[in-house]
Amino acid sequence: MVYDNIVLIGFMGSGKTTVGKSLARQLHKKFVDVDTIIEAKQNSCVAEIFESKGEEYFRKLEQKCINDITQKKGQVIATGGGLPIHSVIPEKSLIVYIDADFDVILKRLSTKERDKRPLLQDTSRAKALYDERIDTYKELANFRVDANQSIQTFIHVIFDYILDQRVL
Ligand code: S3P
């Protein structure tokens, strides 16, 4: 299989954006972040979109955004944590699951980073969402990386895996 793009999935705060930027740099590919594109197009941040238009509206934007982005090839794409749950990731995507434990995620996120994420406001609800989602992440992924350590310690594992694959 020849893949068109590398798509990073995983729960909120698992490090998809940081990993994606670093991978794109090392692989000489363009980095694209779905949430950032949605925010730019809507001229509004994710929390505001959730508040003013609702989650369902945001999910439709996500599906459209990933469809549009994947018209191009050879990119590293970071998705929002709910995208693989609510949207279909286009075929020919090499899907990498950034797998961090829930308590590790909570420790990693600053208050500012938490405040940006409407679904992370209530910790017990967020934990339930985490438990609900992990099986889907695992099923969709071509590759899963243990992301419970610092990014520097696991990024080379993803890098080595990708080098063995055929990605445009
Ligand atoms: C969401 C994750 C967020 C963002 C939105 C919803 C989710 O992205 O898309 O707040 O449903 O998990 P990150 O995974 O980058 O935090």
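Me: How far does a polar side-chain atom of Arg117 lie from an oxygen atom of the ligand?
Reply: This is a predicted model: local features need pLDDT of at least 70, side-chain atom pairs need 80 or more, and totals for chains, interfaces and linings use all residues. Numbering runs from 1 along each chain as its sequence is written, and side-chain values use heavy atoms, without hydrogens or water. A polar contact is a pair of N or O atoms within 3.5 Å; within protein, one must be able to donate a hydrogen and the other to accept it, and residues adjacent in sequence count only if both atoms are side-chain atoms. For Arg117 and the ligand oxygen, the distance is 2.5 Å.

Me: How many residues surround the ligand?
Reply: A residue counts as near if one of its heavy atoms lies within 4 Å. Arg59 has a polar side-chain atom 2.7 Å from a ligand oxygen. Asp35 has a side-chain N or O atom 2.8 Å from a ligand oxygen. The closest residues are Lys16, Arg59, Gly81, Arg117 and Arg133, and the number surrounding the ligand is 14.

Me: Which residue caps the N-terminal end of helix 2?
Reply: Helices are DSSP runs of H or I with at least four residues, strands are runs of E with at least two, and both are numbered from the N terminus. Helix 2 spans residues 34-42. After helix 2 comes Asn43, with a positive phi near 55 degrees. At the N-terminal end, the backbone nitrogen of Asp35 lies 3.2 Å from a side-chain oxygen of the capping residue, Asp33.

Me: Are helix 2 and helix 3 parallel or oblique to each other?
Reply: Their axes are 9 Å apart and pack at about 60 degrees. Axes are lines fitted to C-alpha atoms, over the stretch in contact for helices; angles run from 0 to 180 degrees between N-to-C directions. Under 35 degrees is roughly parallel, over 145 roughly antiparallel, 65 to 115 roughly perpendicular, and the rest oblique. Helix 2 and helix 3 are therefore oblique.
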